[in-house]
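Reader: I keep running into labels in structure descriptions and wondering where they come from. Could you walk me through some?

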Amino acid sequence: MTVPDWRHVIDQFTAIGGRDVQFIGGEPTLYPHLSELIIHAHGAGLGIEVFSNMTAIRDPLWETFKACGVKLATSYYSDDAAEHDNVTNLRGSHKKTRANIRKAVDLGIPIRGGVVVVNAEQRVREAVTDLQAIGVGHVGGDRTRAFGRAGKGAAPSVGDLCGHCALGQVAIGPEGDVWPCVLGRFITLGNVQAASLTEVWNSARTINARAEIAAAHGLEAAESCTPPQFLPSCGPCGPCVPSVGVCDPKEAGVEPARATIGAPA
């Protein structure tokens, strides 16, 4: 995908009613044209979040974040530097991440932190407390899901997803592939270099994938938030996307299903 390709997709997304865009990776702050795409998305009226490991943010990016009202999100594994670095496999990552989280707070840039449980001995509570002490407004949590390195070679399945994929969001990869969510990269709905985003979103393949994922979790049409928002960060009643800002939960018939590693597809 070239920069013009990405701009075109952002415009298509806006045209079909999209409200929010999240730049993720890999590490999005290493992409040399991130500022350009953020500015374009901001001009299109979208809410913007950048999901970063917060280790390599250049000064011009901070300026773009401020100017375009960007929200940030990051993963944080421990208050102990060695333990955090062991999870990321990057020496010094804890020091850089923590320093840039503090910088975001000092600059008044909204940031949420997610503490993902990787092992039983992990200092999870201490990590949450540390983020709160820095001034992070929202700290969520999740368990490890069987995707990427966490899958340890096992084939991913729809049972490992949250179940609400492709209901209100899609993910688009660097080659233009469209997935039902950022974790559902093993399910390709189409490609924006071969068809418009509207065509992919309304395709039989997307409709069937949506139904298959929901059925694997025993879900019916979900209406537990106003408007419905189901992102990897969502709760129950977790932080809403930038354009919503606050949840307004309705009475739901059932508790939203939580994906567990190894659940049957």
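Author: Here are a few labels, each set beside its rule. This is a predicted model, where local features need pLDDT of at least 70, side-chain atom pairs count only at pLDDT 80 or more, and totals for chains, interfaces and linings use all residues. Residues are numbered from 1 along each chain as its sequence is written, and side-chain values use heavy atoms, with hydrogens and water left out.

Reader: Why are α3 and α5 called oblique to each other?

Author: Helix α3 (residues 59–67) and helix α5 (residues 93–107) pack at about 40°, with axes 11 Å apart. Helices here are DSSP runs of H or I with at least four residues, and strands are runs of E with at least two. Axes are lines fitted to C-alpha atoms over the stretch in contact, and angles run from 0 to 180 degrees between N-to-C directions. Under 35 degrees is roughly parallel, over 145 roughly antiparallel, 65 to 115 roughly perpendicular, and the rest oblique. So α3 and α5 come out oblique.

Reader: What makes the contact between α3 and α5?

Author: Asp 59, Trp 62 and Lys 66 of α3 meet Asn 100, Lys 103, Ala 104 and Leu 107 of α5, where contact means heavy atoms within 4.5 Å.

Reader: And which residues of α5 touch α6?

Author: On the α5 side they are Arg 98, Ile 101, Arg 102 and Val 105, and they meet Asp 130, Leu 131 and Ile 134 of α6. Helix α6 covers residues 124–134, and its axis is 9 Å from that of α5.

Reader: Why is the pair of Trp 62 and Phe 65 called edge-to-face?

Author: Rings of Phe, Tyr and Trp (its six-membered ring) pair if their centres lie within 6.5 Å; planes under 30 degrees apart are stacked, over 60 edge-to-face, and the rest tilted. The centres of Trp 62 and Phe 65 are 5.9 Å apart and their planes stand at 80°, so edge-to-face it is. By this rule the count is one aromatic pair.

Reader: What makes β6 and β8 edge strands?

Author: Strands pair if DSSP finds at least two bridges between them. The open sheet runs β6-β7-β8, with antiparallel pairing. Both β6 (171–172) and β8 (190–191) pair on one side only. Strand β7 (residues 177–179) and β8 share two bridges, and Val 178 has Gly 190 as its bridge partner in β8.

Reader: Where is Met 54, in the loop between which elements?

Author: Met 54 sits between β2 (47–51) and α3, and its phi is near 65°, a positive value in a residue other than glycine. Most residues other than glycine have a negative phi.
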